[in-house]
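Subject: Structure handover

Hello,

Here is the structure you are taking over. My notes on what was found in it follow below.

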Amino acid sequence: MIKFSEHTKPIIIAGPCSAESEEQILLTAKQIKNIPYLSLFRAGIWKPRTRPGHFEGYGETALQWIQQVKKEFNLPVCIEVAHPHHVELAVKYNIDVIWIGARTTTNPFSVNELSLALKGIQIPVMIKNPMHPEIKLWIGAIERMKNIGISEIAAIHRGFYYYETDIYRNKPLWQIPLELKTIFPDLTIICDPSHIAGKKEYLFELSQKALNLGLDGLMIETHFNPSIALSDKQQQLTPAELHQMLSQLKFLDPHSNDPLFNNTLQILRQMIDEIDEELLNLITKRLNLISQIAHYKKEHQVTAFQLSRWKYILQSRKKLAKELHINEHFIHQLLALLHEESINIQNKILNEQKKESSQHQKN
Ligand code: PEP
Ligand code: MN
C-alpha cells in the first residue's frame, strides 16, 4: 500500500482526465510508464459534468481497462469516487488509491456517505479542495477520513472556482494549501496544475510554483492524443510533453545541510525580524496619528472618508513604489488594508461622539 509520507518526492501522478477506451488507457500508460518519479496512473471512470449532455465516463467497463494497467505495466492506479457504490467497485477491482473530487468535497453529506462506505477498508484516500475557497470543508473531509480510520490521506490542491474569467481556469489561492499545511504539518499535499491551468501552456509555471512552495507532488492529466480527448482536451499533455516538462522542472529540497547556507540564512532572518519590529513600531505611530486626526475631525464635524486624500495617498505611494521597483499591486493592497483600519478607527471615534451627544439629548 502506498505510504504518502514515506514516499519518494515528488510524487508524480499522471494519466488521462477520463478513461475513454481500452486502447487510450493502455497506450497512454505504455508511453508514460518509464517517466521518472511516476508513482500513480490516474483516470476518471465516472466524470462529474457540470451540465448534462457531456461524456460521463464508462463506469465499471473502464475499471477493467484500469486493471490491465496494473497487470501489464505494474503501475499502481487511482480513480475518483463520488458515491458508496464507486467505493465498492474500486475495492472489487483492486484500485490502489482513490480520490474525492472537488465537487464532492464541497458537500459534507456526500463526504460522510463515502466515509461510511470506507469504514473498515484500508485504502489510501486523496482529497481535492472544495470548489470554492472554504478551507473548513477541506479540513472537514480530511477529518471525516481520519475519524473512520483511514491511515493514508493526502490532499490535492486543484484551485478554486471564481466568477470572473482570468488566465487560469481556477484561481490557485496558494495561501489556502499552505494554511492546510500549518493545520496538518505531516499531510502530503499534491498540486493538480491541470485543473488550475485549464490550458497546457500554464502547466510549467504552476508546477514550478507548487514545487517552490514545497508541495509534495503533481497530478498532471496526460493523454496519448489530447486532441481526441472526451473531456478537458485543452489542459492535457502528451506523454512526450510530460516527460519534457518534468525534465525542465527544478525539484527543491525543504532544507539544506550546508552550514554556511544555514548560517547566512539565520543572519538574514534576524535582519528581517528587526525590520518587522521597526515596521510594527512605524505602524503604531501611523495609527496614533490617525486617532489624533479623528478627534480633530470630530471637533470640526468632518467625515472620516476623504476621497481626495485617499486618491492622493494611492497615487503618490504608487509612484514611489514604481521608483523603488516594488510591485504596484502589492502596494495597492497594503495601502487598502491600512486605509481600511484607518477608517475603522476614525469611525469608532466618531461614533463615540454620537453616543455622547445622544446621551446629552436624553439628559
Ligand atoms: C479530475 O481530476 O478529472 C476532476 C474532475 O477534477 P476536479 O474534481 O478537481 O474538478
Ligand atoms: Mn479533468
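Axes here are lines fitted to C-alpha atoms, for helices over the stretch in contact, and angles run from 0 to 180 degrees between N-to-C directions. Helices (H or I, at least four residues) and strands (E, at least two) are DSSP runs, numbered from the N terminus. This is a predicted model, in which local features need pLDDT of at least 70 and side-chain atom pairs count only at pLDDT 80 or more, while totals for chains, interfaces and linings use all residues. Residues are numbered from 1 along each chain as its sequence is written, chains are lettered from A and ligands numbered from 1 in the order in which they are written, and side-chain values use heavy atoms, with hydrogens and water left out.

Helix packing

Helix 1 and helix 2 (residues 60-73) have axes 9 Å apart and pack at an angle of about 30 degrees. The two are therefore roughly parallel to each other; angles under 35 degrees count as roughly parallel, over 145 as roughly antiparallel, 65 to 115 as roughly perpendicular and the rest as oblique. On the helix 1 side, Glu22, Ile25, Leu26, Ala29 and Lys30 meet Trp65, Ile66, Gln68, Val69, Glu72 and Phe73 of helix 2, contact meaning heavy atoms within 4.5 Å. By class, 7 nonpolar, 1 polar and 3 charged residues make up this contact. Ala, Val, Leu, Ile, Met, Phe, Trp, Tyr, Cys and Pro count as nonpolar, Asp, Glu, Lys and Arg as charged, and the others, Gly among them, as polar.

A second pair is helix 6 (residues 135-147) and helix 7 (residues 175-183), whose axes come within 11 Å and cross at roughly 45 degrees. That makes helix 6 oblique to helix 7. This crossing is right-handed. Ile135, Trp138, Ile139 and Ile142 of helix 6 make the contact with Ile176, Pro177, Glu179, Leu180 and Ile183 of helix 7. The classes there are 8 nonpolar, no polar and 1 charged.

Cys17, in the loop between strand 1 (11-15) and helix 1 (22-32), and Asp232, in the loop between strand 8 (217-221) and helix 10 (239-248), are 215 residues apart. Cys17 is buried, with a relative accessible area of 1%; buried means under 20%, exposed over 50%, and partly exposed in between (1.4 Å probe, protein chains only).

Lys47 sits in the loop between strand 2 (38-42) and helix 2 and is buried at 13% relative accessible area. Beyond its neighbours within four places in sequence, Lys47 is in contact with Cys17, Ser18, Arg42, Phe55, Glu56, Gly57 and Ser231.

Backbone details

The peptide bond from Lys9 to Pro10 is cis, with omega near -5 degrees, and Pro10 lies in the segment before strand 1. Asn74, in the loop between helix 2 and strand 3 (77-81), is not a glycine but has a positive phi of about 55 degrees. Asn74 is exposed, with a relative accessible area of 69%.

Regards

Methods
Left-handed = near helix turned anticlockwise from the far one by under 90°.
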